[in-house]
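Please read this briefing with the sequence and the structure side by side.

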Amino acid sequence: MAIEALGVTSPAWLWLLPLALLPLVASGRRRVAVSAVAAAPADAPSRWIARLLRAAGMLTVSGLVVALAGPYGAGAPVTRIGVGAQIAMLIDRSGSMNETFAGRQPSGAEESKAAASRRLLANFVGARAHDLFSVTAFSTAPMLVMPMTDRHAAVRAAIAAIDRPGLDYTNVARGLAMALSQFAPESSGSRVLLFISDGAAVIDPRVQDSLRAAFTKLHPNLYWLFLRTKGSPSIQDRPAGEDTPQAAPERHLDLFFKGLGVPYRAFEAEGPQAVADAIAQIAALERNPIPYTEPRPRRDLTGFAYGLAGLGLLVLVLAALAEADFSAARATGAAVPEQATEPDLRRAA
C-alpha cells in the first residue's frame with residue numbers, strides 16, 4: 001500500500017513547532033512542598049503519569065500548530081486496468097479532402113470528406129473512458145496537433161481545429177513516422193494507428209526501411225480508413241497498364257502495409273455512413289485491457305490534527321480535575337462570614 005505524500009498549505013506555521021518542547025522544561029501541575037524527596041519511596045506509576053502528561057502537552061501544542069499549517073495528504077496515483085487502446089490518429093489534409101465523396105466542392109448540406117471525418121472522429125473520441133489519443137495531420141509536411149493524452153475534450157478540440165484548406169501534396173511517409181513517434185516504447189496495452197486518407201503517394205524505398213523498423217519495434221494495429229471518391233479505383237484494383245507505385249499509389253501503399261508484419265485492415269468508405277460503420281468496427285475490434293493511472297484527490301488532514309490536539313487537551317483537563325479538591329473549596333466558602341453592611345455598623349454603635 002502506497003504511503004500518501006504529506007504537505008501543508010501554510011508552512012510558515014511550522015516554525016512554531018519547537019513550542020511543543022515546552023512541556024519538557026515546564027509543568028502546569030500543582031506543586032506540593034516536600035521536606036525530603038529522597039525520603040519518599042520509589043513510585044513508578046507517578047513517573048509514568050508524569051511522562052503521560054508531558055506527552056499530552058506536547059501532542060496538544062504540536063497538533064494545534066500542524067492544524068494551523070493546513071496539512072493534507074497528496075494521494076498516490078493508482079494503476080487500474082480498463083478497456084481501451086492507445087490510438088494515434090493520422091489525418092490527411094491534402095487538397096482533395098476538401099471535396100465531397102462525389103469529387104466536387106461541397107454546396108448546401110453536402111459535407112466534404114474532411115468535415116465528415118472530423119465530425120465522426122469527434123464522436124469516436126470519448127466513447128470509452130480509458131482510450132488515449134494523439135492527433136497528427138499531414139499534407140506536404142506532418143504537424144503534431146495533439147500528443148498522446150487521455151484528455152478527450154482536448155482531443156476533440158484538436159480534431160475540430162483541423163478545418164483549414166489542405167495542400168495539394170500528400171507526404172504519407174513523414175506523417176506515418178510522426179504518428180508512430182507518439183507511442184511510448186515502454187508503455188503496455190494495445191496500440192492502434194488509425195490512418196484516415198483519401199489517397200496515397202509513393203514512399204521512397206529508403207524511407208520504407210525505417211518505417212518497417214519502427215512498425216516492427218512498436219507493433220501497432222494498423223487501420224487504413226480509405227475515403228474513396230465515388231468512381232475512383234479501389235485499392236484492390238490493378239491498373240490497366242503498368243502496375244507501378246506511380247500508376248496506382250493506393251494499391252501499392254496497401255501492399256506495403258500488408259508486408260509490415262503487423263495486424264492490418266483497410267476500410268473503403270464512399271460516404272459518411274460508411275465512415276461511421278468503419279469507425280464502429282474499429283472500436284469493436286480494439287477491446288483489449290489497458291492499464292491506466294487514476295490520481296487520487298488531495299485529502300484534508302486538518303481535522304485529524306485538531307483531533308490529536310483535542311485528545312492531548314482532554315488528558316490534561318482530566319489531570320487538572322483530578323488535582324482539584326472541590327469538597328475543600330466548598331467548605332472554605334461556607335466558613336467565610338458575610339461582611340456587615342454600613343447601617344448595621346451604625347446600629348451597633
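Strand 8 is mostly covered, since seven of its seven residues are buried, where buried means under 20% relative accessible area, exposed means over 50% and partly exposed lies in between, with a 1.4 Å probe and protein chains only. Strands here are DSSP runs of E with at least two residues, and helices are runs of H or I with at least four residues, both numbered from the N terminus. The model is a predicted one, in which local features need pLDDT of at least 70 and side-chain atom pairs count only at pLDDT 80 or more, while totals for chains, interfaces and linings use all residues. Residues are numbered from 1 along each chain as its sequence is written, and side-chain values use heavy atoms, with hydrogens and water left out.

**Strand 8 and its sheet**

- Both faces of strand 8 are covered, with Asn221, Tyr223, Leu225 and Leu227 buried on one side and Leu222, Trp224 and Phe226 buried on the other.
- Strand 8, residues 221-227, runs parallel to strand 9 and is joined to it by six bridges, and leucine 222 stands opposite tyrosine 264 in strand 9; two strands count as paired if DSSP finds at least two bridges between them.
- Strand 7 (residues 191-197) also pairs with strand 8 in the parallel sense, over six bridges, and here isoleucine 196 stands opposite leucine 225.
- These strands belong to an open sheet of six strands in the order 6-5-4-7-8-9, with mixed pairing.
- The edge strands of this sheet are strand 6 (142-149) and strand 9 (264-269), each of which pairs on one side only.
- Neighbouring strands of this sheet are turned against each other by 15 degrees on average, direction ignored, with axes taken as lines fitted to C-alpha atoms, for helices over the stretch in contact, and angles between N-to-C directions running from 0 to 180 degrees.

- Three bridges join strand 1 to strand 2 (residues 71-73) in the antiparallel sense, and valine 8 stands opposite proline 71.

**Helix pairs**

- The axes of helix 2 (residues 44-69) and helix 9 (residues 302-323) come within 7 Å and cross at roughly 150 degrees.
- That angle makes helix 2 roughly antiparallel to helix 9, a label given to angles over 145 degrees, whereas those under 35 count as roughly parallel, 65 to 115 as roughly perpendicular and the rest as oblique.
- The residues of the contact of helix 2 with helix 9 divide into 16 nonpolar, five polar and no charged, where Ala, Val, Leu, Ile, Met, Phe, Trp, Tyr, Cys and Pro count as nonpolar, Asp, Glu, Lys and Arg as charged, and the others, Gly among them, as polar.
- The axes of helix 3 (residues 113-124) and helix 4 (residues 152-161) come within 9 Å and cross at roughly 180 degrees, which makes helix 3 roughly antiparallel to helix 4.
- Arg118, Leu121 and Ala122 of helix 3 make this contact with Arg156, Ile159 and Ala160 of helix 4, contact meaning heavy atoms within 4.5 Å.
- The residues of the contact of helix 3 with helix 4 divide into four nonpolar, no polar and two charged.

**Individual residues**

- Serine 117 has its place in helix 3 and counts as buried at 3% relative accessibility; leaving aside its neighbours within four places in sequence, serine 117 is in contact with Met97, Ile196 and Leu227.
- Histidine 219 lies in the loop between helix 6 (205-218) and strand 8, and its phi is near 50 degrees, a positive value in a residue other than glycine.
- Histidine 219 is partly exposed, with a relative accessible area of 42%.
- Arginine 174, found in helix 5 (residues 172-180), is partly exposed with a relative accessible area of 47%.
- Leaving aside neighbours within four places in sequence, arginine 174 is in contact with Thr140, Ala141 and Pro142.

**The protein overall**

- There are eleven helices and eleven strands in the protein, and 37% of its 349 residues count as buried.
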